[in-house]
Amino acid sequence: MMTTRMILKLLVAIGAIALAAGVASAKAPWEKIKIPELDTFEMPAYERVELPSGMVLYLAEDHFVPMIELSAQIMVGSIYEDADKVGLAAMAGSVLRTGGAGERSGDEIDSLVEARGMDLETWVGQTTGGAYLSCLTEDIDLGLALLADVLMRPRFADDKIELAKQMQKAAIARRNDEPLSIAMRELPKVLFGADHPLARHPEYASIAAVTRANLQEFHDAYFHPERMYLVVIGDFAADEMAGRIEAAFAGWPAAPAPLPADPEIPRLPRTVNVAAKDGLSQATVLLGHKGIRNDDPDYAAIQVAAEILGGGFNSRLFKEIRSNRGLAYSVGSSPGTGWRYPGAFLAYTMTRNDAVEAAAKGILGEIDKMLNEPVTEDELQAAKDLILNSEVFNYDTKREVLDRLVLFEMYGYAPDFLQTYQEAVKALTPAAMQAACQRVWKPAELSVLVVGTPSEFDGDLSTFGPVNQIDITIPAPKATLVIPEATAESLAQGKARMLKLRDRTGGKAFANVKGWHESSEMTVQTQMGALAITIDQTVQLPDHLRIVTKLPFGEQVQVVAGDQGWAVGMGQQKDLTAGEVAELRKAIDQETFGILRRVDELEFQALAPLEVGGKLCNPVVVEFDDEATIMYLDAETDLLVMVQSPATSPMTGSPVTQKVYVQGYQDLSGFTLPGTLKITHDDEDFADVTVKSFEVNPAVDPALFEK
Amino acid sequence: MRVFMRRAALAAAVLLVGILPAFAGTYLELQDEIKEFTLENGVRFIVREDHAVPVFSFFTVVRIGSANEVRGITGISHVLEHMAFKGTSVIGTTDIKKEREAMAAEDRAYAALKAERARGADTDPDQLAALEAEFAKARDAARQFVISNQYGQIVESHGGVGLNASTWTDYTEYHYSLPSNRLELWAYLEGSRMADIVLREFYTEKDGPVTEERRMRVDDSPMGKLFMEQFQNLAFEANGYHHSTIGYMSDLNTMTRQDAQEYYDRHYIGPNITVAVVGDVAAADVEKYARKYFAKIPTGTPEFMETIEPEQLGEKRLVVKQDAQPLLLIGYKIEGINHPDWPVYQAIADILGQGRTSRLYAEAVKKQQKAVQCAAFAGYPGLRYRTLLTVLGVPAKDVTAAELETIALAEIQRLVDEGATADELAGVKRRARADFLRGLEGNNGLASQLAMTQAMSGDWRDLFTEVARLEAVTLEDIQRVAAQIFTEQNRTVALSENVES
């Protein structure tokens, strides 16, 4: 029999169960809060106008404050600059604005802009350039005139080029001060290769190589109206503004040639790289490989997956590396998608030195998990909610709406790209996302880059692969010699020094020279190793020259007879161009022996004393066709220590500074001349030369100078 | 009616100074469209309705920052900012009762560990290892009840964007934006964390992310070390601007959850909190939900910094030799934001070092090419108390900070001797007006300006009178104040020299 008490007990028990069930299914307080339907919203009104010049305008009126903002995107970038002039594009971008334009100097523009509270800036980045103007409505005419001037009629004043170079040099000198800047600089080199247009960065030499003419050429090649997209927002009438802009930019010609093709983005195998810097208490750890373009079919899946992996406060990396393990302040990932290029899939953290391997493994483990297991429905839903519920923020300012339309137009995406994306996000399943991750993310291919103090690391990182040490030493700037204006005094002093040198080396004997024959051996440093070359040179003044070059794999003969020249090698004969002939004839008149012979007829300018190779020297400069050859004369002995001149590298074909160091003097046929020489190109060893024989006025078979 | 009166009054003011032409723009009504109310506990709300897009932004400014800290717990304001993302007694936990018990055990284990560590040379290594293991066990036990980052997850899954916070000497601020149909949810979330914080994962957070943040911003950054720590240490000895907001590493290592709880209880009180909401909201709704969800915040009497930095009696100088390119910092003591000369400080900083035509830039960067940057600004490291007008110089390659200092000091002296020109002052005023207008755009920008102005000066309306106050600055003011502040005695110089390691 069931007693009343038992029934009561039972009822209590049933009640308790019901209560417990109630608790389990009860909503949390914030889940009970009603979320009303979101008001509908519309795209802000705008106008797209294509001017006859091809310039595309996106205009939106906004009269809240009496200001107008213009923001231009231009299809130009450092990807188009020469590899030996890295820094040119960025310099062009800044000197457009600072170097004066049209009728005004840069300083005049600064004064006008700042006196009126305007902002006017220009820049060139890696893949785009641009300009920005913000001004009070009342200043729009002046603002537009200035904007058009800087984009169409830049002056590139020399002093502002020099200032831009100073800034770039300072940036180079400072680039190893902050660990994060080391990491961000080295990462693209690890991902795409050091010489890739998206990876290379300025050096002192590449900055020094940039001339005013280069900047002007770069501007003329890339700044054109049909490559410009202009977003205009503010206090104006749209119909009238298009006309004003057209008038301001009138007469801007179209580009003479189409844009070069975009560089290929390689997918490199994994490398493990350490950039060591002493005394750091924290290491920066980056893992990355090439990603996908945003028109890839897996774009939406990868975006959502990246949100789950390392997007924000709720991501797996944030939870695991930061919240649970307390290893980092900064941790996350980026999906590796890009509008123009395939992006770079990246995961990163900054952690204490003794947790480097642990953190890298932790990150790789989380990436593996994304590939090995489908995410939970809840996780996926939270990530979808994040993207779908924040959709309205894609439209909350006019600027972002119009900027995005420009982006789509520049890179060939449909105007409804975002809507398509939202639909794809809604349709995603855990399985589809896992498949996308497996296709796009390859944990085993992720290259590793760590900036830190390796002696403190918790491992040597070899668990990820053979470790490559990155040398972050900044290549020293080349000593540049500024040649001042010549004065009567410096010219007289220069001549006096050269006369002394002539006296020390041969004196009056130079007057009787009609020709000479020199035989030397040269060892050249090449990428394949040292290369031994024998050079036989016969000169008959004033204009006959024969050079026989013997290489291990054959012989080449070059002959110059007056204005004619030819070369014979590999059984073939070929005529030389006028330029090649002129270049070869320098061996007659512009090398040391030729210069010494002509001391009386040439002009020499003395420069201030300078130390070379530990010896105090009196430099003397002689110019041939505006190119300076500088001879450094030992202040004690008056003999030649080094000759510096511009040259072309036979290896790369690019211009180099050649320095010929005299290693020893010999008595050669009555002259005291350099017997062994060391040649550098851009201060790197290029060749060693030993003079084997030297004969003045030798007997020469005239047939040697006949074809 | 009030609108028209206001506009007429402003027009009169404009005529008086003769610079501002009248606009037909709608920003003129902005000040009158701003509504405000204060809860019984002292929390102040500032609301501006803008129904263009169904979103809103908010800024919560707590008038508490590292200047309120005392030695031993430096950095605690910033640690609390991190903790405000850890949830409440409801958010972020599976069982608050058990969690609190586990946290208490964790605190006891930490206290024992701390005591052993404090014995210094007498520390018993075995004992220390045992206590460390015990603490780790207690910490992991407490973590069992944690739902990691649930607070942020709720915000983000409802479409919240820009979720973040920051701490500085004078304040701690929290902000994000939401679709406007989430107003009540927002009020619940924000009110809860201001009233009902739970300092879960305290030790993991401060020993992990907060410590790593210090390493990133200060220890491994030559600029951060000099600017964010050494310079302040040198310039201020008595008041709370002495130490950096990130705090000393030793304080971060030793502070306890009780320290943080006490600090929170003392300072996260109604009168210290200002919330600005801007966007597609009805002010009446904001008030309704504010009363519902923010009323739990306790009230109290705000503490003001009592230690006044004494007058400086001579130049202070620090030369740091480090393996990094040189930097230059020169500071001159000035008074805080509510001093009548504040607009004069702003004008002086602008003339000296804001923009390409400013004197320091024109001379050191453009003319002499001895620097790549040379700028001046008033109000670092703080706004509310005696602070600095600071010159920051970045020397060009192969130029020392000392060389740049000579150039900067000469320009500063020239301002003292010759004063400014009428054109320079006119430029300052024009730029101030343009910058003011730029700052009004965007929900987020306006919310931050309203809340920050209210918290720092005590009246958000100062945002709208700032331009007029600058308009009132005269050339005589500039010369008078320049002569007063730019003295050797009032100067603090910190510079770094490059030494190869």
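**Labels and the values behind them**

Q: What makes helix H3 (residues 76-83) of chain B count as mostly covered?
A: This is a predicted model. Eight of the eight residues of H3(B) are buried. Buried means 20 or more other C-beta atoms within 10 Å. The residues that pass are B:Ile76, B:Ser77, B:His78, B:Val79, B:Leu80, B:Glu81, B:His82 and B:Met83.

Q: Which elements do the buried residues of H3(B) pack against?
A: They pack against strand E4 (161-167), strand E5 (172-179), helix H8 (202-219) and helix H11 (257-267), which belong to chain B.

Q: What does the globule rule give for chain A, and what does chain A have?
A: A compact globule of 707 residues would have a radius of gyration near 27 Å. Chain A has 35 Å. The box of its C-alpha atoms is roughly 140 × 70 × 50 Å along the principal axes. As for burial, 38% of the 707 residues qualify. The chain holds 20 helices and 28 strands.

Q: How is chain A divided into domains?
A: The domain assignment gives domain 1 (47-177 + 201-248), domain 2 (272-470) and domain 3 (488-705) of chain A. Between domain 1 of chain A and domain 3 of chain A, the C-alpha centres lie 47 Å apart.

Q: What share of contacts in each chain joins residues at least 24 apart in sequence?
A: Counting contacts between residues at least 6 apart, the share is 70% in chain A. With that count, chain B has 80%.

Q: How many residues of chain A are in contact with chain B?
A: 65 residues of chain A are in contact with 65 residues of chain B. A contact requires C-beta atoms within 7 Å. On the chain A side, H6(A) gives the most, with six residues. By class, that side has 31 nonpolar, 18 polar and 16 charged residues. Elements giving two or more residues include helix H4 (106-115), helix H6 (158-173) and helix H14 (377-389) of chain A.

Q: What makes up the largest nonpolar core?
A: It has 145 residues. Those with the most contacts inside it are A:Val304, A:Ala305, B:Ala260, B:Ala276, B:Val277 and B:Ala451. Helix H11 (residues 299-310) of chain A brings the largest share, nine residues. A second, separate core of 125 residues includes A:Ile74, A:Met91, B:Ile330 and B:Ile334.

Q: Which residues does B:Ala451 touch?
A: Leaving out residues up to four places away in sequence, B:Ala451 touches B:Ile46, B:Phe59, B:Val61, B:Thr274, B:Val275 and B:Ala276.

Q: How do you know that the peptide bond from A:Leu541 to A:Pro542 is cis?
A: Its omega is near 5 degrees. A:Pro542 sits in the loop between strand E16 (529-540) and strand E17 (544-551) of chain A. Another cis bond joins B:Tyr380 and B:Pro381, with omega about 10 degrees. B:Pro381 is in the loop between strand E9 (371-380) and strand E10 (387-395) of chain B. Most peptide bonds are trans.

Q: Why does A:Asp638 count as partly exposed?
A: A:Asp638 has 17 C-beta neighbours inside 10 Å. Buried needs 20 or more, and exposed needs 12 or fewer. So A:Asp638 falls in between and counts as partly exposed. A:Asp638 also has a positive phi of about 70 degrees, although it is not a glycine. Its place is the loop between strand E24 (627-634) and strand E25 (640-648) of chain A.

Q: What makes A:Asn697 partly exposed?
A: A:Asn697 has 14 C-beta neighbours inside 10 Å, so it is partly exposed. Its phi is positive, about 50 degrees, and it is not a glycine. A:Asn697 lies in the segment after strand E28 (684-696) of chain A.

Definitions and conventions
Residues are numbered from 1 along each chain as its sequence is written. Chains are lettered from A and ligands numbered from 1 in the order in which they are written. This is a predicted model: local features need pLDDT of at least 70, side-chain atom pairs count only at pLDDT 80 or more; totals for chains, interfaces and linings use all residues. Domain bounds come from an automatic or database domain assignment. Two residues are in contact if their C-beta atoms, placed from the backbone, lie within 7 Å. Helices (H or I, at least four residues) and strands (E, at least two) are DSSP runs, numbered from the N terminus. Ala, Val, Leu, Ile, Met, Phe, Trp, Tyr, Cys and Pro count as nonpolar, Asp, Glu, Lys and Arg as charged, and the others, Gly among them, as polar. A nonpolar core is a set of buried Ala, Val, Leu, Ile, Met, Phe, Trp, Tyr and Cys residues joined through C-beta atoms within 7 Å. The radius of gyration is taken over C-alpha atoms; the globule rule is 2.2 Å times the number of residues to the power 0.38.
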